[in-house]
Amino acid sequence: MTNFEPLNQSVISGRVDQVKEQTKAMVDAGVSPIEIINQGLIAGMNVVGVRFKNGDMFVPEVLMCARSMAAGIEIVKPLIADTDMPSKGKVLIGTVKGDLHDIGKNLVGMMMESGGFNVINLGVDIPPEKFVAAIKEHKPDIVAMSALLTTTMLQMKDTIELIKEEGLNVKYIIGGAPISQEFADEIGADGYAPDAASSVDLCLKLIG
Amino acid sequence: MRSNNAHFITPQMRVLSDDQIKSIYFAALEILERTGMKIDCQETLQFLADQGALVGPGNKVRIPAYLVERALKTVPPRVVLCNRDGERKLFLEDNNVYFGCNPDNPDYLDPYTGERRPFTSKDGKDMATVIDYSKNIEFVLNACFSADVPRDVADRVIIRQMMLYMRKPIGFSCTNADSLLDIIDMAAIVAGGYDELRMNPYIFHIQEPISPLSHDGNTMKEIKICAEKGIPLVYYPMPMAGATAPATLAGMLAQNLAEAFTGMVVHQLTKPGAPFITGGVASIMDMKTTRFSYGAPEMSLSVAGLTDILHYLKIPIWGTAATVDAKTVDQQCAAEIAISSLMSGLSGANLVHDTGLMDQATVTCPEVLLLADEIQGMVRRILGGIPVTDETLALDVVDEIGNGGSYISHEHTYKHFRDFWVPSLFDRSVLQKGQTMPSLTERLNTKARYVIENHEVPPLPSDKLKDLLELEKKWLG
Ligand code: B1M
């Protein structure tokens, strides 16, 4: 039985170098790469998620933990076939047309990545057509849209409508300061998340 | 308020030494030369290239120090803003401090119902009345919020409300370059023509870079329009330490300055000597909630640092104070207003904006303006300093009253007691047994309603009003 506890702890304390060393040592000792990811790296990150939600950790700490987890994954990745790589799903994220606010959106993207999702970040000021083109190209499970302005919120509706018109099959989630659950319901989005941590939970709920 | 520092009596504070200022200034020049800026506007990139900047792939431009120095040579050391009657009121120079507020916001705390709801243009009228009444609120900054009118005309509607129902100088952000031109037309009507508006600016425009180190194309268009038409421009970033700027304040200030300089270079090289103001809403990201903190001590400190740097460079300063993280008019709100207003006052930022924004710039109300007005009155008194003259040393009076006498009925007291700050809201009363004092929030609410219902603002002259309403048809139909 491998003891994953020290690796979990290294992820929890965000020690990138230590995570790399311990991961390498496990690989050398012949531990299964998938187990290293699931029980060593992701398990550590799960603890981080809970602590953050309880207000016991700060965002930069969480992101450092995510970085240390990613550093471990980098090492074991070449040993696993792409199709076997644990991924919770693919998310396409962008700020809608006319809106240049990207800090919240980027944070949501980072948190989703650290939650085990494969995230494609389109950037800001993304018109509906661009979302559609990107869906065709990347085939995501979820499209996440961000808007910080009351003047750009309605772009979310237009985007969802165009995606539906094109007959593409994805889930839509939305967020940003002026967005609410009522607005999400009104425009037919599958979900709304008030902050980065809860958008990870929302994705898990939608495709888990 | 005009400062008295010529006589060395305005208390002044510095948070940076001359050497620290120079280090930050040179760091900003290094950022411009080494990392450069991303500017999403081909015309501006070509313009900068023609002036000697290095344009590279990805809309990136590296700006050499001499272009900044050239802009610094032509940027005016002072800008004067006028009120609705064309009187020159705000002298943005030296350490003069003027506080201003944001009348419109996404939400409004209704003083009649206590409810938080979307802001409407009717609320704009009530806010304007309270602003006109508040002595220490000396200008406004409008955005584009009014839920009762179409979104793309909200900018012009709120400005009309300000022009009609208050008399102070008007700053604004707007939807795009076309609405900027409309707003200039509106102001020209009030000022009595375009030349008059240029000579006695009644409006100013604000625009923002996108930290870190990026600038939008529409922004560049608006900078050019302001330069050419002589409309004072405020170009300032909103960096968030630890998110869109280094977590260390010195690095954030250097980046803030580099971003501001980019606008200044484009603006001054387009039209040397055009009125320009800069500063920054430089704060931190709260690392638990990820919110941009408006009430953080780091915000007051950073803005004071920028103020020191801009005094050194002799550029009129856009400050930030009295904007709070508190969600309503409560104890936290008062503390945040007090600390930031005093910090701005002592450091001498010129055009100090954002008074009365709550919950990270998403809600406002009349009560918060009245509270800030009271606190800023105290700040104004402190900035009056302690004049030391024969008259104020009053040695003859001291000798006359002598040991154990009283000053209360002396002529000297009668002559000078009016210098004492008199509260209009804060309580100093003597409470009788069994009596209770209504809370400050209750008194604020009573006063807000009184002012809304009773304060009279002289109407805009009828010919101007007529022209304004006629012009409005262009966007209101
Ligand atoms: C599933 O998908 C999801 C799920 C959750 C999602 C999600 C997507 N997206 C976000 N979330 C959620 O999770 C995130 C993390 O927990 C959260 O993201 P947030 O983005 O809310 O939080 C970030 C981590 C930190 N917060 C932020 O980054 C925003 C902070 C504030 C101060 C802000 C900033 C910094 C900026 N701004 Co602007 N700005 C304001 C903001 C005030 C505020 N109270 O929000 C706001 C949003 N801005 C506003 C405005 C009006 C504007 N801004 C403008 C410009 C800018 C800057 C460029 C200067 C800068 C943006 C820099 C950048 N790189 O993004 C202009 C518009 C430009 C444009 N076309 O987009 C301008 C028009 C001009 C102006 N007044 O400043 C206001 C919008 C009001 C409204 N409701 O319409 C505003 C509330 C401030 C104000 N009162 O003026 C959640 O919302």
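Q: In which sense do strand β9(B) and strand β10 (residues 170-172) of chain B pair, parallel or antiparallel?
A: In this predicted model, local features need pLDDT of at least 70 and side-chain atom pairs count only at pLDDT 80 or more, while totals for chains, interfaces and linings use all residues, and side-chain values use heavy atoms, with hydrogens and water left out. Residues are numbered from 1 along each chain as its sequence is written, with chains lettered from A and ligands numbered from 1 in the order in which they are written. Strands (E, at least two residues) and helices (H or I, at least four) are DSSP runs numbered from the N terminus, and two strands pair if DSSP finds at least two bridges between them. With 3 bridges joining them, β9(B) and β10(B) pair in a sense that is parallel.

Q: Which residue of β10(B) is the bridge partner of N142(B)?
A: Strand β9 of chain B covers residues 137-142, and it is joined to β10(B) over 3 bridges. Across this pairing, the partner of N142(B) is F172(B).

Q: Which residue in β9(B) is the bridge partner of G100(B)?
A: Strand β6 (residues 98-101) of chain B is joined to β9(B) by 3 bridges, and the two run parallel. Within β9(B), the partner of G100(B) is F139(B).

Q: How many of the 6 residues of strand β9 of chain B are buried?
A: Buried means under 20% relative accessible area, exposed over 50%, and partly exposed in between, with a 1.4 Å probe and protein chains only. Strand β9 of chain B is largely enclosed by the rest of the structure, because its buried residues number 6 of the 6.

Q: Which strands are at the edges of the open sheet of 4 strands in chain B?
A: The order in this sheet is β2-β3-β1-β12, with mixed pairing. The edge strands each pair on one side only, and they are β2 (54-56) and β12 (214-215) of chain B.

Q: How many residues apart in sequence are the parts that the pair K224(B) and E43(B) ties together?
A: A salt bridge is a side-chain nitrogen of Lys or Arg within 4 Å of a carboxyl oxygen of Asp or Glu, and K224(B) and E43(B) meet in one at 3.1 Å, N to O. Because K224(B) lies in helix α8 (residues 217-229) and E43(B) in helix α2 (residues 42-51) of chain B, the separation that this pair spans is 181 residues.

Q: To which residue is D201(A) joined by a salt bridge?
A: D201(A), in helix α9 (residues 196-207) of chain A, is 148 residues apart from its partner in helix α3 (residues 33-53) of chain A. At 33% relative accessibility, D201(A) counts as partly exposed. With the closest N and O atoms 3.0 Å apart, the partner is K53(A).

Q: How many salt bridges are counted over all chains?
A: One network of salt bridges links D107(B), R116(B), K327(B) and D359(B). Over all chains, the count comes to 22.
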